[in-house]
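These are my notes from going through the model, entry by entry.

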Number of protein chains: 2
Amino acid sequence: MADGIEGQAPMAFFIGEHLPAPGSALSFNILDRAAQDSYNMISAHITNINYQAKVQAIIEEARSNGSTRVYIPGLEVEDVNMHPDDLVASGKVIGVTSQWIELDSLDPLIASASRQVLHHEIGYAGFCGLATLLIDGPKTAQQNMAGYCQSIVQGLAINAYLTINIMLPAFGPSLGVKQEEINDPSQDSGRIPPDVLYDELTSWDIWNTIRTSARYTSRLGLALQIEYSLPRTHTLKRWFAEPIRYLIIDSSAFLLNTKGYPVLTKPHQRLVTQFARKNPFYLLSNTRFSEGESEDPADPADAEFPPLVPKVRTGGARQTVSVTPVRRDDPESYRKYLYYHLINLPPPPPLDSFGAGYQDYLQSPLQPLADNLESMTYEVFEKDPVKYDQYEKAVFLALQDLRQQGVEDICVAVVGAGRGPLVTRCLRAATNASIDINMFAIEKNPNAYTHLMKKNRDVWGGAVTLIKTDMRKWEPPNTYVHILVSELLGSFADNELSPECLDGVQRVLHPTVGINIPQSYTAHYTPIMAPKIHGDLVSRATSSNSVDIYEVPYVVMLTAIDFLSQNVNGEPNIHQAWEFKHPVPEDELEHECGFNDHNQRESIAAFPIPRRGVIHGIAGYFECVLYESADGTGIVELSTRPDTIDAKSKDMISWFAIYFPLRTPMSVPDDSEAQVSFWRHTDGRKVWYDWMVETFSFVLLPAEGGTGSSPMTIMSQKSFGDYTRKRVPIAVSEICSSKKNGCLM
Amino acid sequence: MADGIEGQAPMAFFIGEHLPAPGSALSFNILDRAAQDSYNMISAHITNINYQAKVQAIIEEARSNGSTRVYIPGLEVEDVNMHPDDLVASGKVIGVTSQWIELDSLDPLIASASRQVLHHEIGYAGFCGLATLLIDGPKTAQQNMAGYCQSIVQGLAINAYLTINIMLPAFGPSLGVKQEEINDPSQDSGRIPPDVLYDELTSWDIWNTIRTSARYTSRLGLALQIEYSLPRTHTLKRWFAEPIRYLIIDSSAFLLNTKGYPVLTKPHQRLVTQFARKNPFYLLSNTRFSEGESEDPADPADAEFPPLVPKVRTGGARQTVSVTPVRRDDPESYRKYLYYHLINLPPPPPLDSFGAGYQDYLQSPLQPLADNLESMTYEVFEKDPVKYDQYEKAVFLALQDLRQQGVEDICVAVVGAGRGPLVTRCLRAATNASIDINMFAIEKNPNAYTHLMKKNRDVWGGAVTLIKTDMRKWEPPNTYVHILVSELLGSFADNELSPECLDGVQRVLHPTVGINIPQSYTAHYTPIMAPKIHGDLVSRATSSNSVDIYEVPYVVMLTAIDFLSQNVNGEPNIHQAWEFKHPVPEDELEHECGFNDHNQRESIAAFPIPRRGVIHGIAGYFECVLYESADGTGIVELSTRPDTIDAKSKDMISWFAIYFPLRTPMSVPDDSEAQVSFWRHTDGRKVWYDWMVETFSFVLLPAEGGTGSSPMTIMSQKSFGDYTRKRVPIAVSEICSSKKNGCLM
């Protein structure tokens, strides 16, 4: 176990040895040796080379008989590496199914035999009490994904508790094909058909196909194989959204430093650091030693780990690794390096600590207007170190501006005061500005009100006038309010009905100098891939709720997600939906016909999507201008947008994002577009959202009038001089509506 | 009403007048006049020009105020054309919502006003008791389909009974844009953005988007507008799959013959004939007369309808219509022509008559092995005029072959004899071949057995030996069977377990000369668009069954479907899944391990899809060789494949197709591919199918190693000399399994 940074809870991690002794029986000796080497666990093949030979002989016999079918009998004692004993029950063993099988073979004998071998091994592993298995990915370049998926899905059904993790490379398809061959189709490897696309996302395509065919079951995960070549950042971000249960780091991913010890390149270190947030298990495979190449290792006590002195350029380009003449690496040194890297990880950002356990956990949005919140809920809000600082700054600026305008007897009111933290900050801002204020606190929740009384008595010295009422019914005594302060925002800005509340109280604001804090707020959205959340919803969908659970905007700490619409710098394209400003001009409220229609909104935006993927739903954020000083010199803002939060309200934790699900994931190709529409509806009694996604791709058509031939045919005939890019519809979602779960006014 | 062909039930049709007097109030006068003109019904606008002027004034006022919102008040008596009275309650009035509104306008004032007008009109129409409405399609070239769909979906929710039909053109988008402009983007109509694709399927794209956003509700239908230009056959076939409730035929679709009377071109006649199978209502709109252009019509009594003398080439190419100098058309003459065309339609094929009412009706497959069928079920089978003829021919050929081989004391057995029709045919074949046979009939259904006894007594003269047993348990007396006849086939060949049954009885066959009729059968499949069926399943999906109803292969008379994979001649690409031959070689049965594994099958096939669409499921068919004579001169077959049924067993009605649903429709672009996989699984106790679809598109990549840029970007930079076409995955379905509904052995 790792020691943590002082003051920080240690992040636990486990490092295992991957296939330490291929082909030989699993025994306590092997496990003990691994434990001595400080490995927490090992992976081991379930069956052995004896079994492989036996099965291959059966296949050959069937083939020579001209048979199209083959029957593989069950496992016998000499076929297996493990037994149901304390060793396996220790929980330190991960089963690995045979890697010589080809579940997706186009040869029906091999495919059938492979499937039977797999199912025997899964059955036996479950019988032995293993909890988790690693299974190789497909081998025939996606020629028979259906056969592969069928085998996996059937395998999942054999035992209700085993989890299966597919071993796939982070970069490139795992076909035993050399990197050079992938980009050089003239080299007929014999295994990659020239008509199948291979790029950085191919390995992810394979995973996406498998998990989709298995309906996103949580019993299926990934064991991502890390080698020397890494894909680019956007591909790593794509992997980050997936359920990576294991990181299998091969020794070939390491360089040797000047002293001959293994170290990870900086990009590899960044990858491990980033993926550590997913709490995977780490498995080290030492292919450098599988052929017995290593010389006697130097005394491990001499090992030091100086910073990497680059001997070669790293980072994406394929380079030859120059190995220092003296090798001092041994399997143990790789593990030690990884251990020290993990133990020295920088502390996670505050949001991660605060949100520990909340990642991708779906919460129904609060209805603070309809419901009375509990004290613990308020307490959670109050932990945010940033938000109240911002409010205090805003009130401070506002007070200064009012003084400059010559306003006297300034009256400040906090509506929806909760347990009073905003009141405290208003008083503090007034003190710092050396201005006396008349302080009001309005709160409808009778329980919180009691707590406000306590605060007034014990902390505020009775300086605050408390009123227990719904703010829309408040009648202030003979005075206007000069600064009306509220914190009614939800993760999508207006989704907790801040506009409706403030509409009802803005009449207390001074008609010319009255200030609303916040002055305005905006909702923002972008389409995302969120496989963990979607899988969660799929598994939650039961008989009675299968429609409704998708038609709820959830508050959620989005973690295992990928932004599908990105600019060339990898930043997400996020679109502003709409804005609310306060106070609302009087004539707008006058034209109100009782249906709250001035608070209706709609928005539509097109999001370019550079790389293919799957849209599971829409992520929502908000921004807010608490106050902008009259001369424009100061502005105090809040933001949950991932691209502006650091600039506007760094480390703010009070709001997670919001997530609008799509019942049916929408696949999008490279260079496509998602058009997302949102509506904020209200009928005067409640408020809800509708949302919808349309997807488009693009084709190139010759500029002159077409004959109606397929665009691809035309392109094969003509040169490219004169073409236009046309948008073609792919698919459209339902119109999703949260009306059944709308917020009551 | 139409008189029918003698002996044929008349096909009822209704012809209505479309918008006879735009802008004026609906009155009994108008309806009476229409009835006098022999129209069965009329369509009429719900509101009038008064209302249009009123609303437009409100919009302009809001605009000049700089307001972003507009409120349209409800309807007043001077705004409407109709009232809840006997006229409307007569059922002869179809409401038409205002056509000057633009639900999809990008101007928020116009869009908001349009939506409110629409909803007022829908509410009022429902109040008046109208049953059905026509609503214009979108107007802004798909710039705001989301806004349009939102308005329609909300409109559907206003009244639970009204059906809404979207008016869309069969050919080209209805934007008031001239045909020439669509194919000539240099003419900036101002309404078609140059970056949006327009082709023959664009109108269908629009419908597909609308109905998908509305979740395939059956309360939404199509009113297809037919004009002079027609799309090509494949587009008409695509429309045929959709819920066309109305055909709106404009006078511009007609030519004038040499006598000056209106007639339809041959392609138009074919369209009407073909679409008549969908039993639409017909609406005639007479735009030629809307400006008061017509001269006094000649006496209708003089009207004749000679065959069309083509003055211009028709059929797809846009041509100028030369109008004869003398016009003798009037609105009445158009209606008369259509009436006479409909009344003289050729009789439908036997399958249509037999299947009347069964089109696209989902039936769970029979389980004749597990269940006992009712007499009526057998009776339905026996109505097939073709099947038994084929069996008789096959038995005849087989008897002749046996005689030629010198076999004597020929023994013929029908296993699964039902009510005996095959027995009758075997006896008849023997009589025709002048061969005496020993006739056995085996049947497990005790009720059918009783009926066999009656037949034997009253029809067969006691010539048949009856045995009441499951055929797999039958022990014939001291003889082998020379011809084993069975009719155990289901719509997917083997899905009623014919292989399992025949495996169990083949031991009674003579080891060298024994003949099984059928000798072999094959299953076939192809991906299809089937919106009606999918909508049916969506509406059936309730809490308790939402998983299962999609995992059942249904027997269904596929009618409103489109074959997505077609060759250049428009014929569907149908792939053979697998074959069963009888008898099975002995060693195959010997290697049987009790799991029936020799009857497992799998199949995978790639289907090229030329034009974009939606895959709702897989259609399945079968073929069967009843008998092929030993010298190969005669072969007797059955087929339900739409492309071979006429050649092999024309007019056979016994089997509908089979349909394997997908829970989630899969959208495919132009020039794509669907890879469909099927598995026939068995565990020795039951038999079931698994199926799965993967979709792919194609990109062009330069032949040399790529830099990883987006393929589209690359193409914009290079000329086309050297490229390869690469396949890219789009999406994959779940692995669907009918295991829960498997057939018990």
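**Loops and backbone angles.** I looked up B:N279 in this predicted model and found it in the loop between α9 (266–275) and β10 (281–285) of chain B. Phi of B:N279 is near 50°, which is positive although the residue is not glycine.

I then turned to A:L497, another non-glycine residue with a positive phi, here near 70°. A:L497 sits in the loop between β14 and α16 (498–505) of chain A.

**Cis peptides.** I recorded a cis peptide bond between A:H582 and A:P583, with omega about 0°. A:P583 is placed in the loop between β19 (575–581) and α18 (586–590) of chain A. In chain B I recorded a cis bond joining B:I517 and B:P518, where omega is about 10°. B:P518 belongs to the loop between β15 (515–517) and β16 (520–529) of chain B.

**B:E487.** I located B:E487 in the loop between β14 (483–486) and α16 (498–505) of chain B. Which residues does B:E487 contact, leaving aside its neighbours within four places in sequence? I listed B:K387, B:Y391, B:L422 and B:W655. With B:K387 the contact is polar and runs from side chain to side chain, at 2.8 Å. A polar atom of the B:E487 side chain also lies 3.3 Å from the backbone nitrogen of B:L489. I checked B:A417 as well: its C-alpha atom is 8.2 Å from that of B:E487, though 70 residues separate the two along the chain.

I took the "binding site" annotation from the unreviewed UniProt entry, which covers A:Y378, A:K387, A:Y388, A:E443, A:D470 and A:M471. These positions span 94 residues in sequence and the farthest two C-alpha atoms are 23.7 Å apart, so I do not treat them as all gathered at one spot.

I went through two of these positions, starting with A:E443. A:E443 is part of strand β12 (residues 437–443) of chain A. Its relative accessibility is 6%, so A:E443 counts as buried. Beyond four places in sequence, A:E443 touches a set of residues that includes A:Y378, A:G416, A:A417, A:Y449 and A:K468. Its contact with A:G418 I noted separately: the A:E443 side chain reaches the backbone nitrogen of A:G418 at 2.7 Å.

A:M471 I found in the loop between β13 (464–468) and β14 (483–486) of chain A. A:M471 is buried too, with a relative accessible area of 9%. Among the residues that A:M471 touches, beyond four places in sequence, are A:V415, A:G416, A:I442, A:L488 and A:R507.

**Domains of chain A.** I wrote down the division of chain A into domain 1 (15–178 + 197–345), domain 2 (370–487) and domain 3 (519–745). The contact between domains 2 and 3 takes 15 residues from domain 2 and 18 residues from domain 3. How much area do domain 2 and domain 3 of chain A bury between them? I have about 1300 Å², with 67% of it on carbon and sulfur atoms. On the domain 2 side, A:Q390, A:L397 and A:D401 supply 34% of the area buried against domain 3, more than any other three residues.

I counted zero salt bridges between domain 2 and domain 3 of chain A. Six residue pairs are in polar contact across that interface. Helix α13 (residues 387–404) gives the most to the domain 2 side, with eight residues.

**A:S333.** I placed A:S333 in helix α10 (residues 331–343) of chain A. A:S333 has a relative accessible area of 4% and is therefore buried. A polar atom of the A:S333 side chain lies 2.6 Å from the backbone oxygen of A:D330.

**Chain A overall.** I ended with totals. Chain A has 20 helices and 28 strands. Of its 745 residues, 57% are buried. For contacts between residues at least 6 apart in sequence, I noted that 81% join residues at least 24 apart.

Technical notes
Residues numbered from 1 in each chain as written. Chains lettered and ligands numbered in written order. Predicted model: local features only at pLDDT ≥ 70, side-chain atom pairs only at ≥ 80, totals over all residues. Heavy atoms only, no water. UniProt positions renumbered as here; feature names shortened; annotations may be inferred. Helix = DSSP H or I, 4+ residues; strand = E, 2+ residues; numbered from the N terminus. Buried < 20%, exposed > 50% of the residue type's maximum accessible area, 1.4 Å probe, protein only. Contact = heavy atoms within 4.5 Å. Polar contact = N/O pair within 3.5 Å; in protein donor to acceptor, adjacent residues only side chain to side chain. Domains from an automatic or database assignment. Buried area = accessible area lost by both parts, 1.4 Å probe. Salt bridge = Lys/Arg side-chain N within 4 Å of Asp/Glu carboxyl O.
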